[in-house]
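Colleague: Please put the model up, and then I will ask about it piece by piece.

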Amino acid sequence: MHEAGLARDLIRNAEDLAVAEGARRVTAITVRVGALANVTGEHLREHFALEARGTMAEGAVVELVAGPTGEGALRDPHSMDLLLVGIEVEEGG
């Protein structure tokens with residue numbers, strides 16, 4: 001499944017950032033979805049939840065923001081991508 005691979009990449013990137021910050025776990029991620037990415041938010045969230053089991057990102061909320069649409073999508077170099085634009089973490093302790 002396309003979304004499963006994308007979810008694994010997002011989890012890996014979020015975990016790398018969380019580890020670099022000394023966090024215990026990832027509580028939320030924000031993902032920018034390009035207009036031409038051919039991904040639905042519902043499916044991405046479902047696959048993220050499945051792929052995150054047993055990782056630092058288990059239970060994390062997935063927030064989606066849309067990239068430019070219309071003519072803006074044609075000029076957007078990331079119109080076909082999902083970009084991890086932010087994470088929220090629980091600090092280590």
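Colleague: Where does Asp76 lie?

Modeller: First, the basis: this is a predicted model, in which local features need pLDDT of at least 70, side-chain atom pairs count only at pLDDT 80 or more, and totals for chains, interfaces and linings use all residues. Residues are numbered from 1 along each chain as its sequence is written, and side-chain values use heavy atoms, with hydrogens and water left out. Helices (H or I, at least four residues) and strands (E, at least two) are DSSP runs, numbered from the N terminus. On that numbering, Asp76 is in the loop between helix 3 (71–75) and strand 3.

Colleague: Is Asp76 buried or exposed?

Modeller: Buried means under 20% relative accessible area, exposed over 50%, and partly exposed in between (1.4 Å probe, protein chains only). The relative accessibility of Asp76 is 11%, so Asp76 counts as buried.

Colleague: Which residue meets Asp76 in a salt bridge?

Modeller: A salt bridge is a side-chain nitrogen of Lys or Arg within 4 Å of a carboxyl oxygen of Asp or Glu. The N to O distance for the partner of Asp76 is 2.7 Å. That partner lies in strand 1, so the pair ties together parts that are 44 residues apart in sequence.

Colleague: Which backbone nitrogen lies 2.9 Å from a polar atom of the side chain of Asp76?

Modeller: Apart from the salt bridge with Arg32, the side chain of Asp76 has a backbone nitrogen at 2.9 Å. That nitrogen belongs to His78.

Colleague: How many residues does helix 1 have, and what does it reach from its first C-alpha to its last?

Modeller: Helix 1 covers residues 2–20, which is 19 residues. The expected span of a helix is 1.5 Å times one less than its number of residues, and for helix 1 the expected value is 27 Å. The model is close to that, with a reach of 28 Å.

Colleague: Within what arc do the buried residues of helix 1 fall?

Modeller: The buried residues of helix 1 are Glu3, Ala4, Ala7, Leu10, Ile11, Ala14 and Ala18. The arc is that of the directions from the helix axis to the C-beta atoms. Seen down the axis, these residues line one face of helix 1, because they fall within an arc of 125°.

Colleague: What do the buried residues of helix 1 pack against?

Modeller: Contact here means heavy atoms within 4.5 Å. On the other side of helix 1, Asp16, Val19 and Ala20 are exposed. The buried residues pack against strand 1 (23–33), helix 2 (41–51) and strand 3 (82–91).

Colleague: With which residue does Arg8 form a salt bridge?

Modeller: Six salt bridges are found in the whole structure. For Arg8, the closest N and O atoms of the pair are 3.4 Å apart. Arg8 lies in helix 1 and its partner in helix 2, so the pair ties together parts that are 43 residues apart in sequence.

Methods: A polar contact is a pair of N or O atoms within 3.5 Å; within protein, one must be able to donate a hydrogen and the other to accept it, and residues adjacent in sequence count only if both atoms are side-chain atoms.
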